[in-house]
Amino acid sequence: MSESVGAIIKTNHPYIVRTHDICNGSPTLAGTRTRVIDIVIEYTMLGKSPDEIIDAHPYLNLAKVHDALSFYYENRAKLDAEIQKRIRDIEELRLKFQSKVWKPV
């Protein structure tokens, strides 16, 4: 059975969904385009607390942020691999299209 475009795929998390045509099917918070990995990056790499994440995204609430983090911890290997791939892709683009304004020291 194939997924139809726009079909919402529910998860075992009340606030996390996958929709083929939103963020390429990446897990997002329901009703938003905010990806779980965006929340994870803010929390783990930028050191923001759940309250600070809500301050930056006022359409979210604590339950949604904690659900995103719970989903991440249950799917950590896959999501970490996706984050690392995105970091490599960004670095490749940075090397390919070096800024004429900013020069690394």
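The side chains of Arg76 and Asp80 meet in a salt bridge, with N and O 3.6 Å apart; the term stands for a side-chain nitrogen of Lys or Arg within 4 Å of a carboxyl oxygen of Asp or Glu. The two residues are four residues apart in helix H4, so about one helical turn separates Arg76 from Asp80. Arg76 is partly exposed at 42% relative accessible area, and Asp80 is partly exposed at 29%. Here buried means under 20% relative accessible area, exposed means over 50%, and partly exposed lies in between, using a 1.4 Å probe and protein chains only.

A word on what you are looking at: this is a predicted model, in which local features need pLDDT of at least 70 and side-chain atom pairs count only at pLDDT 80 or more, while totals for chains, interfaces and linings use all residues. Residues are numbered from 1 along each chain as its sequence is written, and side-chain values use heavy atoms, with hydrogens and water left out.

Helix H4 holds another pair to look for. Glu91 forms a salt bridge with Arg94, their closest N and O atoms being 3.1 Å apart, and these residues sit three residues apart, about one turn of the helix. Glu91 is partly exposed at 34%, and so is Arg94 at 46%. Now turn to Arg35 and Asp38, whose side chains meet in a salt bridge at 2.6 Å, N to O. Arg35 counts as buried because its relative accessibility is 18%, whereas Asp38, at 22%, counts as partly exposed. The structure holds six salt bridges, these among them. In general, side chains of opposite charge can pair when their charged atoms come close.

Let us step back to the whole chain. It has four helices and three strands, and from the N terminus on they run β-β-β-α-α-α-α. Helices (H or I, at least four residues) and strands (E, at least two) are DSSP runs, numbered from the N terminus. Buried residues make up 30% of the 105 residues.

The largest nonpolar core has 16 residues, and Val36, Ile39 and Val65 have the most contacts inside it. Such a core is a set of buried Ala, Val, Leu, Ile, Met, Phe, Trp, Tyr and Cys residues joined through side-chain atoms within 4.5 Å. Helices H1 (36-45), H2 (50-56), H3 (62-74) and H4 (76-96) each supply at least two residues of this core, with the largest share, five residues, coming from H3.

Finally, visit the second largest pocket, which has a volume of about 150 Å³. Of the 14 residues that line this pocket, Ile8, Val17, Thr19, Ala30 and Gly31 are the closest to its centre. On a 1 Å grid over the protein atoms alone, a pocket is an open set of points where a 1.4 Å probe fits, with protein on both sides within 12 Å along at least five of seven lines; lining residues have an atom within 4 Å of a point. Grid points are joined across faces, edges and corners, and the volume is the space filled by probe spheres set on the points. Strands E1 (8-10), E2 (16-19) and E3 (28-29) each supply at least two lining residues, and E2 gives the most, with three.
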